[in-house]
Amino acid sequence: MKQFMIAFVALFVFTAVNAQSKKPTDLVKFASETVDLGKAKLNSPVTATFTFTNSSTEDVVIETVTPGCGCTKSDYTKEPIKPGKTGTITATYNAATPGKFSKQVRVKLLGVDQEQVLTILGNVEQ
């Protein structure tokens, strides 16, 4: 009986802590989490723009935006985004290698542990 009570209390605590964790999707809604840039010319950088809306009741601040590799650069709305307002994140891929590409950008919102992953796709042609 004692083991059952310990397991029950542990499950309750885990559920309570887990329920309090905010997710990026609780605060913002992206128009699209993937942008297909289609065909790109070799040695011509291509840029994807991700637009999102603050769907919460509080200001949202982007803490960091981290590209998955050195071939991708990013920029984002730096000021707090008010409820109902929009912000943007851009990802520019240096199309220096021919072939298909899929690059990720990780977005960290202030006060949120989980990151949002955005993806750009395309095909670099010579």
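A search of the whole structure, which is a predicted model, finds 2 aromatic pairs, a pair being counted where the ring centres of Phe, Tyr or Trp (its six-membered ring) lie within 6.5 Å, with planes under 30 degrees apart classed as stacked, over 60 as edge-to-face and the rest as tilted. In one of them, the rings of phenylalanine 30 and phenylalanine 52 have centres 5.4 Å apart and planes at 50 degrees, so the pair is tilted. This pair links distant parts of the chain, since phenylalanine 30 belongs to strand β1 (residues 28–30) and phenylalanine 52 to strand β3, 22 residues apart; helices (H or I, at least four residues) and strands (E, at least two) are DSSP runs, numbered from the N terminus. Phenylalanine 30 is buried at a relative accessible area of 16%, and phenylalanine 52 is buried at 1%, where buried means under 20% relative accessible area, exposed over 50% and partly exposed in between (1.4 Å probe, protein chains only). The rings of tyrosine 93 and phenylalanine 101 have their centres 4.2 Å apart and their planes at 25 degrees, so that pair is stacked. Tyrosine 93 is buried, with a relative accessible area of 6%, and phenylalanine 101 likewise counts as buried, at 5%.

Residues are numbered from 1 along each chain as its sequence is written. Local features in this predicted model need pLDDT of at least 70, and side-chain atom pairs count only at pLDDT 80 or more, while totals for chains, interfaces and linings use all residues, and side-chain values use heavy atoms, with hydrogens and water left out.

An open sheet is formed by 4 strands in the order β2-β8-β7-β4, with mixed pairing; two strands are taken to pair if DSSP finds at least two bridges between them. The edge strands are β2 (34–41) and β4, each of which pairs on one side only, and the twist from one strand to the next averages 20 degrees, as given by axes that are lines fitted to C-alpha atoms (for helices over the stretch in contact), with angles running from 0 to 180 degrees between N-to-C directions. Strands β2 and β8 (residues 116–125) run parallel and are joined by 6 bridges. Within this pairing, valine 35 stands opposite isoleucine 120 in β8, and alanine 40 has valine 124 as its bridge partner in β8. By contrast, β7 and β8 pair in the antiparallel sense over 9 bridges, with arginine 106 standing opposite valine 117 in β8. Strands β7 and β8 form a hairpin with 6 residues between them, and glycine 111 in the turn has a positive phi of about 85 degrees.

The structure holds 5 salt bridges, each defined as a side-chain nitrogen of Lys or Arg within 4 Å of a carboxyl oxygen of Asp or Glu. Among them is the bridge between glutamate 63 and lysine 108, whose closest N and O atoms are 3.4 Å apart. Glutamate 63 lies in strand β4 and lysine 108 in strand β7 (residues 99–109), so the pair ties together parts that are 45 residues apart in sequence. Leaving aside neighbours within four places in sequence, lysine 108 is in contact (heavy atoms within 4.5 Å) with Ile62, Glu63, Thr64, Asp113 and Glu115.

Glutamate 115, one of these contacts of lysine 108, meets arginine 106 through its side chain in a salt bridge of 3.9 Å, N to O. Glutamate 115 is partly exposed at a relative accessible area of 35%, and arginine 106 is also partly exposed, at 36%. A further salt bridge, at 2.9 Å from N to O, joins the side chains of glutamate 58 and lysine 22. This pair links distant parts of the chain, with glutamate 58 in the loop between β3 (46–54) and β4 (62–67) and lysine 22 in the loop between α1 (2–20) and α2 (24–27), 36 residues apart. Glutamate 58 is partly exposed at 36% relative accessible area, and lysine 22 counts as partly exposed at 36%.
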